[in-house]
Amino acid sequence: MEIDLASIGMEKGRQYETIITTVNNENLKNAAPIGVLCSGNDIILNRIFKGSHTLDNIIVQREFIVNITHDPELFTKSTLGNLPPECFNENNSLKDAEAYFKCEVISLKEAVKQSDP
């Protein structure tokens, strides 16, 4: 299903701070604050570092959920550790998110910026 990201206020070329949720093969849910770049009507890009549970889950499942929230406490909690199971809906979105959308991975690319440590 194609969506128009503009319908939720996302503009091409802009980056948005979100919380991405994933699930692993044991159905353990994961949440991590990650910036996403809107690169088209229905395409986003994100940069996720190797070794993270988020990237490992995305590689295996080939899907993830982008949660949009203005709740600084939710961002902080997802930065400090994984959120408890009661924070997630059955579909793996966050209960307290103002909006969310499901993404299917169409490609993975390894990239290193010169400014990376």
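## The main core

The largest nonpolar core in this predicted model has 18 residues. Those with the most contacts inside this core are Met10, Val36, Ile44, Phe64, Val66 and Phe101. Which elements give two or more residues to the core? They are β1 (15-23), β2 (29-40), α1 (53-61), β4 (63-68) and β5 (99-104). The largest share, 4 residues, comes from β2.

As background, nonpolar side chains tend to be buried together in soluble globular proteins.

## A second core

There is also a second, separate core, made of 8 residues. Among its members are Ile19, Leu74, Phe75 and Leu83.

## Follow valine 36

Leaving aside residues up to four places away in sequence, valine 36 touches Met10, Arg14, Gln15, Tyr16, Thr18, Ile20, Ile44, Leu45, Asn46 and Val66. One of these contacts, asparagine 46, is also the bridge partner of valine 36 in β3.

Now look at the strands themselves. β2 and strand β3 (residues 43-46) pair in the antiparallel sense over 4 bridges, and a hairpin of 2 residues joins β2 to β3.

## The cysteines

How many disulfides does the structure hold? The count is 0.

Is cysteine 38 buried or exposed? Cysteine 38 counts as buried because its relative accessibility is 2%, and the cut-off for buried is under 20%. Cysteine 87, with 23% relative accessibility, counts as partly exposed.

Conventions:
Residues numbered from 1 in each chain as written. Predicted model: local features only at pLDDT ≥ 70, side-chain atom pairs only at ≥ 80, totals over all residues. Heavy atoms only, no water. Core = buried A, V, L, I, M, F, W, Y, C linked by side-chain atoms within 4.5 Å. Buried < 20%, exposed > 50% of the residue type's maximum accessible area, 1.4 Å probe, protein only. Contact = heavy atoms within 4.5 Å. Disulfide = S-S within 2.5 Å. Pairing = 2+ DSSP bridges.
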